[in-house]
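Open the model in a viewer and keep the sequence panel beside it. The tour goes from one selection to the next.

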Amino acid sequence: MFELPIMNAFATAAMMTLGLALTALLFGFVFALLFCAGEMSKHRWLSVPVSIAVTVVRGVPEILVVMFVYYGSTQALFLLTDDYVEVSPFWSGVTALALLFAGYASQTLRAAINAVPSSQMAACRALGMSPLYSFFRIVLPQAWRFALPGLGNQWMVLLKDTALVSLIGVTELMKQASLTSATSYEPFTYYALSAMIYLLITLLSQQLMKYLRHRAAHYDRQAEA
C-alpha cells in the first residue's frame, strides 16, 4: 500500500517525535522539580518570581511558547553577539516542550509532596538525616506514587504537543505527513498514517504507565496482606 521510501521517511519521523518527547520529558522533569522547589520555598524573593514564571508558561498558548523560545533565542543571541546565529530547531523545540511540561508537572509534584505526611520529615530529622537526603530518599519516592497518574496524563499531552514543533522546521510526524501530502496529493491517507503512529505510541505508553502504577503500589499491597 505504501512505498518503501515513504515508510522509511515516516519511521524516521516517528523516531524524531519520540526523541523530541523523551528528551523534553527528561529536561521537563528536572525543570518541574526546580519549579516545585522554588514555589514551595519559604523565601518570597524566590517563590514569587517562580510562581509568576509558572503562571506565564501555563497561561500562554503552547504554540506561542514554541515560537517565543525559537525566535526569542535567535533575537537574544543577535543582541548579545551582534551577529545572526542560527538556533537549532530541535533544541528550541525540546526547550519549549520541557518548559510546558514542567509548568504543569510542577503543580502535580507539589500536590503529591504535600500529600506525604509532614511527620515523615520530622522523623528523618530525629534520625539525623540531612534535608536533601530525606527529600530524595524518603519523601520523593512516596510522592512519586501520588504523582504518577497526573504525570502520565502530562506525558500524553507532551507527546501530542510535539506536533507544534513542526512549525519551526523539525521533521517529526506532522511535518512528514504535510511534506508527503504535498507531493502525493493524498493528504487524508498520510495524516491518517500519522494519527495511527501517534495512537500506537499512546497505547504503548498507557501499558508502560499501567506497569509503573502496579510497581508503585507494590508496597501498599504488601502492607494490606
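Select S166 and A163 to begin: a polar atom of the S166 side chain lies 2.7 Å from the backbone oxygen of A163. The model is a predicted one. S166 sits in the loop between α6 and α7 (173–184). Is S166 buried or exposed? Its relative accessibility is 13%, under the 20% cut-off, so S166 counts as buried. Now show its surroundings: apart from neighbours within four places in sequence, S166 contacts E172, M174 and K175.

D83 and S166 are 83 residues apart in sequence, and their C-alpha atoms are 26 Å apart in space.

Move to helix α3, residues 62–81. Its 20 residues, at 1.5 Å a residue, should span 28 Å, and the 29 Å between its end C-alpha atoms agrees with this. Colour V65, V66, V69, Y70 and T74, which are buried in α3. Which helices do the buried residues of α3 pack against? They pack against α2 (44–59) and α4 (89–115). After α3 comes D82, with a positive phi near 60°.

Finish at the largest pocket, whose volume is about 490 Å³. To find its centre, select M40, I113, M121, F135 and V139, the closest to it of the 15 lining residues. Elements giving two or more residues to this lining are α1 (4–39), α4 and α6 (131–161). With five residues, α6 gives the most. Colour the lining by class: 13 residues are nonpolar, two are polar and none is charged.

Key:
Residues numbered from 1 in each chain as written. Predicted model: local features only at pLDDT ≥ 70, side-chain atom pairs only at ≥ 80, totals over all residues. Heavy atoms only, no water. Helix = DSSP H or I, 4+ residues; strand = E, 2+ residues; numbered from the N terminus. Expected span 1.5 Å × (residues − 1). Buried < 20%, exposed > 50% of the residue type's maximum accessible area, 1.4 Å probe, protein only. Contact = heavy atoms within 4.5 Å. 1 Å grid on protein atoms, 1.4 Å probe; cavity = no way out; pocket = protein on both sides within 12 Å on 5 of 7 lines; lining within 4 Å. Points joined across faces, edges and corners; volume = space filled by probe spheres on them. Nonpolar A, V, L, I, M, F, W, Y, C, P; charged D, E, K, R; others polar. Polar contact = N/O pair within 3.5 Å; in protein donor to acceptor, adjacent residues only side chain to side chain.
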